Amino acid sequence: MARLLLESAGERREIHVTGSVTVGRERTAGVYLDDKTLSREHTKFYTENGKLFVRDLESKNGTYLNGSVIKNTQPLKPGDRVKVGVATFTVVPEAGDALPSVSAPLAAAPRPAAPPAPVKTTVTVTAGPSRPRLGGPHPFAVFVYRIILVAVIVVVTFLSKGFFVSMLRGK
């Protein structure tokens, strides 16, 4: 089992990687980050034969390993830093692992044109995907408006009946 230290917006969390963990802004991701610069499925951490790997999932803004953008799967070692949007994942050494003597500086992630909104970082596990509400009036309000419209049409028809009859008779 590999361990990652997630640092984002002043928060620190430890993540245990057994198998694979997807990082992204989709709520169904293993590690959900509320960051508009991320893709829905941005990056994947996984273990294979006891070693930890990272892979960019063809994200728009890229994944950075020790300051360099990665294009394919990269092996990770203790002390490596993976930058995804505003979040940084640091590979935490397991008991008995030696710390690296040098760590590379992080490259700045591409900055959006407008200042980014405050980022809330949460690690969540959800029961299943829920469809986002697209907006618009509540269905009950639409029903009430339709009833009112029908009532107005009936009243206008009833009241105008006498007017049209008198017009036809020429009075």
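Student: Why does tyrosine 46 count as buried?

Tutor: Tyrosine 46 has 15% relative accessibility, and buried means under 20% relative accessible area, exposed over 50%, partly exposed in between (1.4 Å probe, protein chains only). So tyrosine 46 counts as buried. Keep in mind that this is a predicted model, where local features need pLDDT of at least 70, side-chain atom pairs count only at pLDDT 80 or more, and totals for chains, interfaces and linings use all residues. Residues are numbered from 1 along each chain as its sequence is written, and side-chain values use heavy atoms, with hydrogens and water left out.

Student: What is the mean pLDDT of the chain?

Tutor: The mean is 81, and 75% of the residues reach 70 or more; pLDDT is the predictor's confidence in each residue, from 0 to 100. Over residues 130–134, though, pLDDT stays under 50.

Student: Back to the rings: what makes tyrosine 46 and phenylalanine 53 a stacked pair?

Tutor: Rings of Phe, Tyr and Trp (its six-membered ring) pair if their centres lie within 6.5 Å; planes under 30 degrees apart count as stacked, over 60 as edge-to-face and the rest as tilted. Here the centres are 5.5 Å apart and the planes at 20 degrees, so the pair is stacked. Phenylalanine 53, at 17% relative accessibility, counts as buried too.

Student: And how do you know that phenylalanine 140 and phenylalanine 143 are tilted?

Tutor: Their rings sit 6.4 Å centre to centre, with 35 degrees between the planes, and that makes the pair tilted. Both belong to helix α1 (residues 139–169); being three residues apart there, they are separated by about one helical turn. Helices (H or I, at least four residues) and strands (E, at least two) are DSSP runs, numbered from the N terminus.

Student: Is phenylalanine 140 buried or exposed?

Tutor: Exposed, because its relative accessible area is 56%.

Student: Which residues have the most contacts inside the largest nonpolar core?

Tutor: Phe45 and Phe89, in a core of 21 residues. A nonpolar core is a set of buried Ala, Val, Leu, Ile, Met, Phe, Trp, Tyr and Cys residues joined through side-chain atoms within 4.5 Å. Elements giving two or more residues to this core include β1 (2–8) and β11 (87–92).

Student: Why do β2 and β8 stand at the edges?

Tutor: The open sheet runs β2-β1-β11-β10-β7-β8, with antiparallel pairing. β2 and β8 (68–69) each have a single partner strand, so one side of each is left without a neighbour in the sheet.

Methods:
Contact = heavy atoms within 4.5 Å. Pairing = 2+ DSSP bridges.
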